[in-house]
Structures are given as C-alpha cells and as structure tokens.
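Let's take a friendly walk through a protein model and look at how charged side chains pair up. Have the sequence and the 3D view ready.

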Amino acid sequence: MPHSNTSAPRDSLAGVRLARGASPWLLPTVATAALSLVRSRRSRRAAAVAVPTTALAAGMLWFFRDPEREIAQGRVISPADGVVQSIMPWKDGRTRVAIFMSPLNVHVNRAPLAGTVTSVEHIPGGFVPAFNKESENNERVVWHFDTELGDIEMVQIAGAVARRIVPYVPQGAKVEQGERIGLIRFGSRVDIYLPEGVETDLEVGQTTTAGVTRIDRG
C-alpha cells in the first residue's frame, strides 16, 4: 500500500507537487524570474537577467519536487534518494549505511520503518561537503524510531550547500513506513543504522530511491 502522507500540508506552484518547506527559497526566485521576464520586453538589461533567473527558478522547481511513491515491501527501506557512500560495521554491532544526496536528487526523506518517533534532536555543526569524512561533524538532525526491530537511528546531515534541515513530524508521532518525515535543502547525506542481526544487500555506489529501495537482506 502506498503512503502519501496526504494529511500534511505541502507547498505547490503551478500544479507542480513541491516539498514542504520549499516556499522560503522558491517563491522569491520564481517571483524574480517572472518580473524579469515581464520587463525583458522593454529592456535588454532585463532580458539578460531573465535568462539566468528563469534557469535558476526551473532548477529550484526540479530540486524541490516531491513525487508520489509506491512504497516497497521489506523490513527496512531507504530513507533517501542518492548513492550509497559507505557501509560500515559499528562497534555496538549495528551497520551504518550512508547515502549521499546530490542536488539532483529528491531531498524529501522518508521513514525507513513504521513506528513511533522517540527522538528528534538537532545538533549544530559545520557545513563541509557531505561526501567528506569531516562531514561527521556537520550540522545534523538525529532521529530515533521505536519499531518492530527495536530502536532505529537515522541521521540527516547538512552539506556544504544544505544549511537547513526541516523535520516534518515531531517526537511522539507515529509514522508509517515510507511516510515523508523531513527535507534537507540541497546536497547532503542521510545515514541509517541497521540493528545487530540485520544485514544489507546494498553495495557502495548503488543508487537508492526513498521508499522504494529495500535496504535489508530479504
């Protein structure tokens, strides 16, 4: 069964389905592009400005898209669109799967399992590129979910350009698997920690789709 989280409000523009939290960035860009297009009929300078501003507005629309997804079956599904950057065993027996999200990916993140949000913690930090090792100290939001597999930790990590993480659901909320739970603006990374005993079939370099790609080994 697909989960669309239709009860949550969502930004929209000209019929394009956009991620919640897009308006502060998108509306000024689109307004500037529209104004420059109108003025371009009377001014060569405005016409010169209209080209890059229209291209930027189109890029913003693409970046903030929020398509519906047919949610996959599986114990754990990907919380993010992107490329698997690393798969690392942790000292406590868990396995960390790190997914790098480029500016071309959909940046709406989804719940990897059904459960209750037990913690949503914002941790200040730096903004180095999310594919660097130093990104371990970047600004982040740490999620914990109480699920049928026990506690599941997921971390949204800001990158060099992504300087705003927008959680959609609060602590104590119950979420369905594949439900939208937050947005990271621009390039970034999402880590998920698989509990001890849960293995993954993913490989480094593999592409993932939020709500669609199964993470655990079936």
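Is Asp201 buried, partly exposed or exposed? With a relative accessibility of 45%, Asp201 counts as partly exposed. Keep in mind that this is a predicted model.

Asp201 has a partner: it forms a salt bridge with Arg217, and the closest N and O atoms lie 2.7 Å apart. This pair connects distant parts of the chain, 16 residues apart. Asp201 sits in the loop between strands S12 (188-194) and S13 (207-208), while Arg217 belongs to the segment after S13. Arg217 is also partly exposed, at 40% relative accessible area.

Side chains of opposite charge can pair when their charged atoms come close.

Find Glu68 and Arg180, whose side chains meet in a salt bridge with an N to O distance of 3.4 Å. Glu68 is partly exposed, at 36%, whereas Arg180 is buried, with a relative accessible area of 2%. Asp66 joins in as well: salt bridges with shared partners connect Asp66, Glu68 and Arg180 into one network.

Finally, look at Asp191 and Arg189, which meet in a salt bridge at 2.7 Å, N to O. Asp191 is buried, with 1% relative accessible area, and Arg189 is buried at 2%.

Terms used:
Residues numbered from 1 in each chain as written. Predicted model: local features only at pLDDT ≥ 70, side-chain atom pairs only at ≥ 80, totals over all residues. Heavy atoms only, no water. Salt bridge = Lys/Arg side-chain N within 4 Å of Asp/Glu carboxyl O. Buried < 20%, exposed > 50% of the residue type's maximum accessible area, 1.4 Å probe, protein only. Helix = DSSP H or I, 4+ residues; strand = E, 2+ residues; numbered from the N terminus.
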